[in-house]
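Here is a short briefing on charge pairs, core packing and one surface patch. Start with the structure below.

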Amino acid sequence: MTVITRRLAGFSACGLALCVAAFAQTTAPKDEIVELSPFEVKPDDNRGYAASETLTGTRVATQIKDLPYSVNVVTSEFFEDFAMWQIDDSFAQVGGLTGIDVGGGFNLRGFVSSSQLRDGFYRQGRYGQTNIDRVEVIKGPNAGIYGRSSPGGMVNMISKLPQKKDQQKLTVRGGSFDTLQGTLESTGTIGSPNTYYIAIVSQLNRGGAVDWFHMRENQAYFAVKHDFKNGGHLLLSAEHFKQFRHSQLAAAPMITDQKNTSSNLDDEAIGYAKNLARYQAFGPNSENSRSNDTLRMSYDKQLGSIFTFRAGAQIFSAKLANFNANTGFGAVTINSTNPASNFTSTRGATPNRGIINEDGGGVQLDLVARYKLGGDAVSNKTLLTVDFNDYYRFDPTRSSSAAAALAAWGATGSGRVVALDSTFNPTAPLTYFAASFEDGLGAATRYTRRRITVSGGQFRQESRWLGERLLTYVGTRFDKVHFNQREYITTVNGVTPTMDAPVSVKRDINQVKPNAGVLFKVRENLRAYVNYSEAYFINQGENPVDVASPTYKSETAEGWDYGLKGSLFNDRLNFTLGFFNIQRFNVRVTDSEETPVGSGNFVNVVRSDGNQEVNGWEVEVNYALNRAWSTGLSYGNIDAFYNDFGSRNPQAIGRKVQNISPENGGLWVKFSGQEGRLKGFSANLGVTYIAETPSESPIAGDTVAIVAGVPTVTRSTGQWKLTVPAVTLWNLGLSYKWKQGSHASHSVRVNVNNAFDRDYLKVNKNLGDPRGVYLSYTLTFSNLRKS
């Protein structure tokens, strides 16, 4: 434990003792206005796409301007206006955030994460946009208040809540790439004014510019809320999501120039065969599907004038199933002295059937106390949290056993080796693996059972001093992580398992992580802040082989945030200018070790002792010019590099981190007609920018040998230098809404995404969508039961 950690833990203990004493002596003023539940955010006035409150930032509703670090909120209105029917890697409008995928991954502030949050609970992605009210992004190790967290922060998908207003809404959308979506949403009371619900069902179908690609999403969501007479609130929800991808898209493969020489010393990686990504690599017998079913509940109640209690729980069951998703295009060689390998791309030899079954759940208990001390001079908010999370994964993966199809696929001239012309287009129609997974499966290539159980808790103290000009935050979180895993195929620490005698792996890890921050109101409309926080990260899919290693350690991080938050023009323009430094420790790397010492014999040892550092800055602006016009921007500048990539690869020091964009962000403007002929008309324009992005490992293409006892690069193709080019995308939306009678309204919307038809690669090297034009129509009925 560092000195800072010990001191902050001590401050937290003192704060806890102070607040306990205060609870025994302090009562709320009689004239104090009763506040809404601290576990719900208040609706915003018309401020464009901006939100003023967040749940994710502190686990309770807090004004964003009062936090000593950065939190971004993107509302469902934004998704609707820009026809973002999926929250995926096209969502890059938040500075520092890229690469969101349906499987739960994202890149934030220079770090990669494999899991997200849904209403504060851990989730491996798999969400439908139709039932998400807002996406909240807490940046940096500050997200450690939720336990294990990426050093870059965490993304929290907040579900839509039941509404008392009686309303039914039908939306039909369609357009480019055979896109068609139908959504039915209904809200209102059930029986009494104190019980109300929301129900949403939706199906999205979408094709693409690549043969056979088709995606279908089924989404269903139901939630009911009851307000008890004693002030308690009970919320129950159920969610279903299933996405079926047929014949998914393939990444553009790397191109290596062999310079027409027999030596490999001058081989050079020169880029990616983007044209080849326009073709279907996997064929009609390919799928990649994901599903998730979740039940959640929460209950909160104010206990007297000081305390509010909340209990939440969730259980889930999820599945991933794919087949023939491992036969994408292989690397391309040009200017080779071997004609057989010149301008060719070889696809995978043995299609796999991969299954990942997941289930688990969690419980969260939060106790919030709001009180004043020192003759009402100091306002306080104290949060005590106890939570528990359990995750289980069973992932049998087997190769195809369709003998005839495998023989045909591997035969010379089968088409598995794709011949290309000088522009990297196939010279002949592509052929494909002819069997499906129903034709037989063979040997297992992966077979593990993994359970990770985390129990923990935290204390967090917020105090407001000097007439609320000075805000201080201090907290400590403790977590106990228990691994209970079984490996059935891969050798673990010299022990070879079998299906009947798997290797059992168990390990416990304890983590104590503090956080502290200060925000000072320099003026009423200008705040300065600084924050220090620590976090730890464990991948939910951590392999038993890695966990069993004697050198295994969970990754940890520490970071500083500092900057300014302010407002101008009567609070119509709000901005944040922030800077940060984050250190990531215990990165898994390869060391070179002389065994025995002095022998000159060096072996590679995988250890958790690498280090990554990120420095950066961000700016957020939201400006409501008047009732009709609003605009905003979000921008992130990130310098992510390695300080230590293991003693085997010292050349990686200072090199950039794979798939981390050094710059990204978005700019938007919206007009909403308020009167006259323009009443009901709205228009929005958005620009998204992603800078040139490093796309390979910092040691890719390097050949390292021990020379005079020193790891030395003996040759390199420079693959680690490759990047995906920058791209700027323009998106436009126009809509018109009108009423019919006292209960019905209609709206039509036209969207043009990628308006200038940019031809680009995404960071994952998949081809980005060309220009798309979409039309939607919504019919809304309100208060029908009152007619």
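Does E534 count as buried or exposed? At 6% relative accessibility, E534 counts as buried (buried is under 20% relative accessible area, exposed over 50%, partly exposed in between; 1.4 Å probe, protein chains only). This is a predicted model: local features need pLDDT of at least 70, side-chain atom pairs count only at pLDDT 80 or more, and totals for chains, interfaces and linings use all residues. Residues are numbered from 1 along each chain as its sequence is written, and side-chain values use heavy atoms, without hydrogens and water.

**Salt bridges**
- The count comes to 43 salt bridges (a side-chain nitrogen of Lys or Arg within 4 Å of a carboxyl oxygen of Asp or Glu).
- E534 pairs with K513 at 3.9 Å, N to O.
- K513 sits in strand β29 and E534 in strand β30, so the pair ties together parts 21 residues apart in sequence (strands are DSSP runs of E, at least two residues; helices are H or I, at least four; both numbered from the N terminus).
- K513 is buried, at 13% relative accessibility.
- Salt bridges that share partners join D66, K381, E462, R464, E468 and R527 into one network.
- K139 bridges to E618, with the closest N and O atoms 3.4 Å apart.
- K139 lies in strand β9 and E618 in strand β33, so this pair ties together parts 479 residues apart in sequence.
- Both K139 and E618 are buried.

**Nonpolar core**
- The largest nonpolar core holds 37 residues (buried Ala, Val, Leu, Ile, Met, Phe, Trp, Tyr and Cys joined through side-chain atoms within 4.5 Å).
- F78, F79, I87, F91, L97 and V135 touch the most other members.
- Strand β9 gives the most to this core, with 4 residues.
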